Protein chains: 2
Amino acid sequence: MAYRPTERTEARRRATRERIVRAALELVARGGYREASVAAVAQRAGVATGTVYRHFPGKAELFAEVFRVASQREVDAVTGAATAQGDAPERIACAVETFARRALAGRRLAWALIAEPVDPSVEAERLAFREAYADAFADALRDGVAAGELPEQDPHLTATALVGAIGEALVGPTSPTGGRTDDDAVVAALVQFSLRATGAPVHVRR
Amino acid sequence: MAYRPTERTEARRRATRERIVRAALELVARGGYREASVAAVAQRAGVATGTVYRHFPGKAELFAEVFRVASQREVDAVTGAATAQGDAPERIACAVETFARRALAGRRLAWALIAEPVDPSVEAERLAFREAYADAFADALRDGVAAGELPEQDPHLTATALVGAIGEALVGPTSPTGGRTDDDAVVAALVQFSLRATGAPVHVRR
DNA sequence: CGATGGTCTGAATCGTGGTTCACTCCTTCG
DNA sequence: CGAAGGAGTGAACCACGATTCAGACCATCG
């Protein structure tokens with residue numbers, strides 16, 4: 001025996017893996033899942049295609065991780081907003097706005113995470129992603145109902161519907177040519193919609 | 001010259017084409033787009049694969065037609081409901097209920113029409129489908145706003161969001177194992193959600 | 001009939017990626 | 001140094017499903 005993997009080589013390995021994931025993420029954010037072929041990812045990461053398979057069992061696993069990472073980032077932001085100070089309506093408004101603004105900032109990625117065609121195994125990741133979103137909303141809703149700030153309702157269904165509503169409203173403009181609508185206006189309208197949908201009392205927001 | 005296509009042969013030709021479309025629709029309704037390979041369609045229609053290409057330039061065109069037909073049917077139903085008698089809230093409730101009930105009756109097809117991965121050219125068809133849905137809602141909303149029954153809002157955005165909300169709420173349970181939730185309850189909750197979202201005054205619906 | 005125009009057939013072909021693997025190169029340590 | 005254990009390479013391989021096409025079969029009409 002004369003060779004033992006050491007910290008240094010470990011680090012290099014991790015770095016390569018990292019680069020592959022980042023490259024994949026960039027490609028998805030740019031051109032969606034379909035543009036992100038293994039060959040393209042490898043090229044962008046500066047490695048040979050075979051190298052990808054040294055780090056991941058297959059394309060599905062690679063992209064499952066990519067989606068997991070990207071989703072987590074988004075969900076964390078929204079969850080943070082939904083657990084901020086304030087009453088339920090305020091928290092919901094905040095979460096919706098966060099969701100919407102982040103999606104608009106990276107439409108292509110948002111589309112990939114929310115609506116693009118992907119492999120079944122990657123799809124599973126996306127389902128989890130939506131669930132996580134819905135959960136963030138659902139928690140705030142539950143609190144609001146308990147506190148009497150919101151009318152009686154099924155929090156999970158309302159939350160799911162909200163996720164769908166926001167997704168559709170944002171992805172619609174995304175996938176076609178790219179509606180040149182005013183982002184602020186869209187966000188504001190979505191917040192209004194969401195507050196009404198939850199049954200929050202309408203105050204004059206000014 | 002000794003041969004001229006006649007009414008009889010024309011009819012046979014149309015019948016074959018018809019069978020292909022129907023077979024494709026059935027396959028989509030059963031297993032979604034990905035299960036619906038050209039070979040499978042041909043087999044189900046009782047023709048050879050090559051025959052499909054005698055009636056359609058390619059798979060994309062075939063399924064564009066399939067989606068168009070299926071969509072039209074659904075949209076017509078919803079549009080009908082949305083243009084029925086009554087004030088805007090009633091019409092919207094009616095449209096939402098129609099949308100939801102029909103989707104629940106054929107979940108797989110609904111999923112294919114609303115959310116499944118498809119070729120880009122077929123995707124265009126689906127976009128049109130969503131637009132049509134949204135338009136049906138938007139019209140009722142516009143009327144409601146004009147009549148002072150609903151608060152000031154961007155009807156198109158509200159309509160789009162509604163389509164997304166309903167789609168997500170219905171498709172969510174569809175794609176996984178298949179939530180065993182009570183359909184009636186879901187529909188009722190969705191109607192409530194939609195009415196609130198549009199800003200309709202909450203009356204006791206009984 | 002039989003010549004003509006057309007549809008139907010289905011096995012072979014093609015294109016597109018994902019995946020493999022024999023080989024080269026690098027690192028570690030006796 | 002040199003044997004041992006990977007990591008990285010990239011051209012070749014393969015699976016899969018859409019598409020093609022040469023021939024079989026059929027309807028029309030002079």
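Visitor: Which of the 26 residues around DNA strand C come nearest?
Guide: This is a predicted model, in which local features need pLDDT of at least 70, side-chain atom pairs count only at pLDDT 80 or more, and totals for chains, interfaces and linings use all residues. Residues are numbered from 1 along each chain as its sequence is written, while chains are lettered from A and ligands numbered from 1 in the order in which they are written. A residue is near a strand if its C-beta atom, placed from the backbone, lies within 6 Å of it. Of the 26 around DNA strand C, those that come nearest are Ser37(A), Gly58(A), Val47(B), Ala48(B) and Gly50(B).

Visitor: Which element gives the most to the surface near DNA strand C?
Guide: Helices (H or I, at least four residues) and strands (E, at least two) are DSSP runs, numbered from the N terminus. Two or more residues come from each of H1, H2 (38-45) and H3 of chain A, and from each of H1 and H3 of chain B. With four residues, the element that gives the most is H3(B).

Visitor: How many charged residues does the surface near DNA strand D have?
Guide: 26 residues surround DNA strand D, and the closest are Val47(A), Ala48(A), Gly50(A), Gly50(B) and Gly58(B). Ala, Val, Leu, Ile, Met, Phe, Trp, Tyr, Cys and Pro count as nonpolar, Asp, Glu, Lys and Arg as charged, and the others, Gly among them, as polar. Besides ten nonpolar and ten polar residues, the charged ones near DNA strand D number six.

Visitor: Where does the largest share of the side of chain A that touches chain B come from?
Guide: Two residues are in contact if their C-beta atoms, placed from the backbone, lie within 7 Å, and 23 residues of chain A are in contact with 23 of chain B. H8 (155-174) and H9 (183-198) of chain A each supply at least two residues of this side. The largest share, twelve residues, is that of H8(A).

Visitor: How are H4(B) and H7(B) oriented, roughly parallel or antiparallel?
Guide: In chain B, H4 (59-82) and H7 (120-146) have their axes 9 Å apart and pack at an angle of about 10 degrees. The two helices are therefore roughly parallel.

Visitor: How many nonpolar residues has the contact of H4(B) with H7(B)?
Guide: H4(B) brings residues including Phe63(B), Phe67(B) and Val75(B), and H7(B) residues including Phe129(B), Tyr133(B) and Phe137(B). Next to three polar and four charged residues, the nonpolar ones number 14.

Notes. Axes are lines fitted to C-alpha atoms, for helices over the stretch in contact, and angles run from 0 to 180 degrees between N-to-C directions. Angles under 35 degrees count as roughly parallel, over 145 as roughly antiparallel, 65 to 115 as roughly perpendicular and the rest as oblique.
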